[in-house]
Amino acid sequence: MPRLSEEKINAAPFGSSNASIDDKGRIKLSTALQKFIQGQSDNRLYVTTLEDGVLAIYPAEVWQHNVAVMQETFEDPTAAETMTFLLHAMGGATEMDGQGRILIPAKLRDALDLTSEPLKANCFKGRIDVMRDSVFDRKVAEAMERRAQVLLQLKAKQFI
């Protein structure tokens, strides 16, 4: 299985930022996220969705890692095939243009209702998640409910 470049993954910007989508379905990310994408050795991106309301943007290296995980290490081959099919059915290959915009396939834009309100973006392990503000707020509330338990687990692992 291909090994992800820790250096590239660790170059991901911290925090959440605003994003926008134009009438042609192109997402515009923050300058920091644009620089992160431009810093990848391969300019190809894969866009899809893993969870309700969240667009996942993968640099090629991260997407290739995920494909390898699904094909080579997932214990349930039927589940792996199902997820691979769904991620490909909902997604598509794209690139960031010279103005820092990423074209999102219409079926994915429509499924995620990305044009109805302002957007937020953040990065985790090289994957950039983009979601409506209402989805972001819901995810913050869910995380707040779980944080005490998660914080105990993190402190047990030497989190400061």
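The model is predicted, so local features need pLDDT of at least 70 and side-chain atom pairs count only at pLDDT 80 or more, while totals for chains, interfaces and linings use all residues. Residues are numbered from 1 along each chain as its sequence is written, and side-chain values use heavy atoms, leaving out hydrogens and water.

**Nonpolar cores**

- A nonpolar core is a set of buried Ala, Val, Leu, Ile, Met, Phe, Trp, Tyr and Cys residues joined through side-chain atoms within 4.5 Å; buried means under 20% relative accessible area with a 1.4 Å probe, protein chains only.
- The largest such core holds 23 residues, and those with the most contacts inside it include Ile27, Leu55, Ile102 and Val130.
- Among the elements that each supply at least two residues of this core are β1 (17-21), α2 (31-38) and β8 (127-132); helices (H or I, at least four residues) and strands (E, at least two) are DSSP runs numbered from the N terminus.
- A second, separate core has 8 residues, including Ala56 and Leu87.

**Contacts of two residues**

- Contact means heavy atoms within 4.5 Å.
- Not counting residues up to four places away in sequence, Ile102 touches Gly25, Ile57 and Met96, among others.
- Gln34 lies in helix α2 and is buried, with a relative accessible area of 13%.
- Leaving aside residues up to four places away in sequence, Gln34 touches Lys28, Leu29, Met96, Gln99 and Gly100.

How values were computed. Buried < 20%, exposed > 50% of the residue type's maximum accessible area, 1.4 Å probe, protein only.
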